[in-house]
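I opened this notebook to record, step by step, what I looked up and what I found. The entries are meant for someone who has not seen the structure before.

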Amino acid sequence: MGATVINGKEFAASVREKVAEHVTRLKEDNNITPGLAVVLVGEDPASQVYVRSKGKQTVEVGMNSYEHKLEADTSEEDLLALIAQLNNDPAVHGILVQLPLPDHLDSDLVINAIDPAKDVDGFHISNVGLLGTGQKSMVPCTPLGCLMMLRDHHGSLSGLNAVVVGRSNIVGKPMAQLLLGDSCTVTIAHSRTKDLPSVVRQADIVVAAVGRPEMVIGDWIKPGATVIDVGINRIEAADGKNRLVGDCHYESCAEVAGAITPVPGGVGPMTIACLLANTLTACCRANGLPEPDGLTA
Amino acid sequence: MRAALIDGKSIAAELRSEIAKEASELASKGWQPRLVSISVGDTAASEIYVRNQQRSAESAGVQFEARNYSDDISMEQLVGVLQGLNADPRVNGIIIQRPLPAHIPVKTLQKAVHPLKDVEGMHPASIGNIVYNDLQLGPCTAVAAVELLKTLPLKIEGLDVTVIGHSEIVGKPIAFLLMGLGATVTVCHHMTRSVAMHSRASDAVFVAVGKPGLVTGDMIKPGAALIDIGINRVDGKTVGDAEFETCSEVAGWMTPVPGGVGPVTVAVLMRNAIHATRLQMEAYRDSYANTEV
């Protein structure tokens, strides 16, 4: 196996450390503590785990965490009222509504009710458009994490061929925008792409985000390419136990790639670290302070 | 010459006649579509565009008012003007003509236009909708370029497309519109190592850079479609970004410049005016429905 393993756990820890240092300085110099509000509707077990670890990491970097847990049958009106209240709360710099929402709630409507400046998930239609037009925005956490790892590994990404596999709103599309912003030549491939292996084979950078376990195999990878695996899939292994795998077949890809992110322990840990980075960025912007270096796109 | 020319003029004329029907329908409901164009300072550079838009509006049944403000108007005053137009139910779309004087940043003005009156499709919310695959009011040039591809007997789903140029109002929105239609899109730009490597592998090539002669015949796959969005003046002639002589030998279809994307762009602006008027009518009715009388 030749590939350098990009350790997302360590990298995420270094991002959190940077955030924590900046938070300490904000407190000392400006008497400001960044605050992140997380809204959870219902009792989806996976969402509860996410919300808990988001809250824990928020506190660990010295920020205030505000958790709002609402009943599964909460009305749209009540949820919108809570968001309006958080929008107007100067102690709250970031608002995250944990998705998926129960079926009776329109998630587009709810997300677009968040003040774009506090939309630390970067899903508000205005943030999507601001990113699309190269303006200051809040950038979705997972692709931001991928970008940070790529910049760290390559230095400059300018002129590299990047192939993003998957065109989802939360990963594929913003990832493509970010890579274009860093002057990559970007191809977005997806389920309708005619000859996926040969498209992927041209890439210096492959970002896989399709949610199909081990779909990308080593044979598709150009020797020396960097493989960023965003997929997290639970599959049943030969021994009958469940295990987590990415969208890339790790062993065969690692034989050929120059660098690769493992699953778990690659992109995953970066997502919450970037959520904290976004909250810090939002806090600095809200207070007219310079933004921290290297923590946004 | 091998390539069939894509006749933007006749496609635009067809669009306008459809639009005219919808405009008169809206007018009969009390919602006569009406555009206001705003230019600031010296109008020489934008005059031809304004005149074209005015002419196209007339033949599409859309009212058109061209306003010019002197170049000593402040940003605050202009934003005030826009807020007035945003609030005026008789105005359905606002066009901001470029260039603007240096003290008026265009993006700030575009953001001040109400998203429902953003007929140019430049507001971040309009672009955001495109990225999310929900075309409401798209940037006219990008939408027009994609419209031209749609007139060809090519299945866009699975089509390999290269977009040369990644500007925020043309290249990138074209890429997202095509992706939404199922094409595999590669976006190239000035940092791309080998544009030809990508363009030669593509069934369709869009070029929007503003460099005459950038795309030559040897960069095109035989039989591919070539949509040329560039408008350049060379020796008193208007030419695109593609070298016509060589590309037309190789491509299967090609847009001429002038007479390709340009006329359709103006027609799309009118179609946006109709769509914006309808959105406003619906929003008005919705708000009225919730009012107790």
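**Entry one: where the chains touch.** I noted before anything else that this is a predicted model. I then looked up the contact between the two chains, and found that 25 residues of chain A are in contact with 26 residues of chain B. On the side of chain A that touches chain B, α5 (125-132), α7 (172-181) and β6 (185-189) each supply at least two residues, and the largest share, six residues, comes from α5(A). Sorting that side of chain A by class, I read eight nonpolar, 13 polar and four charged residues.

How do helix α2 (residues 44-60) and helix α10 (residues 261-289) of chain B cross, and at what angle? I found that their axes come within 10 Å and cross at roughly 55°, which makes α2(B) oblique to α10(B). The crossing of α2(B) and α10(B) is right-handed.

I then listed the residues that meet there: N52(B), Q53(B), S56(B), A57(B) and A60(B) come from α2(B), while V266(B), A267(B), L269(B) and M270(B) come from α10(B). By class, the residues of this contact between α2(B) and α10(B) are six nonpolar and three polar, with no charged ones.

Notes:
Residues numbered from 1 in each chain as written. Chains lettered and ligands numbered in written order. Predicted model: local features only at pLDDT ≥ 70, side-chain atom pairs only at ≥ 80, totals over all residues. Contact = placed C-beta atoms within 7 Å. Helix = DSSP H or I, 4+ residues; strand = E, 2+ residues; numbered from the N terminus. Nonpolar A, V, L, I, M, F, W, Y, C, P; charged D, E, K, R; others polar. Axes fitted to C-alpha atoms, helices over the stretch in contact; angles between N-to-C directions. Parallel < 35°, antiparallel > 145°, perpendicular 65-115°, else oblique. Left-handed = near helix turned anticlockwise from the far one by under 90°.
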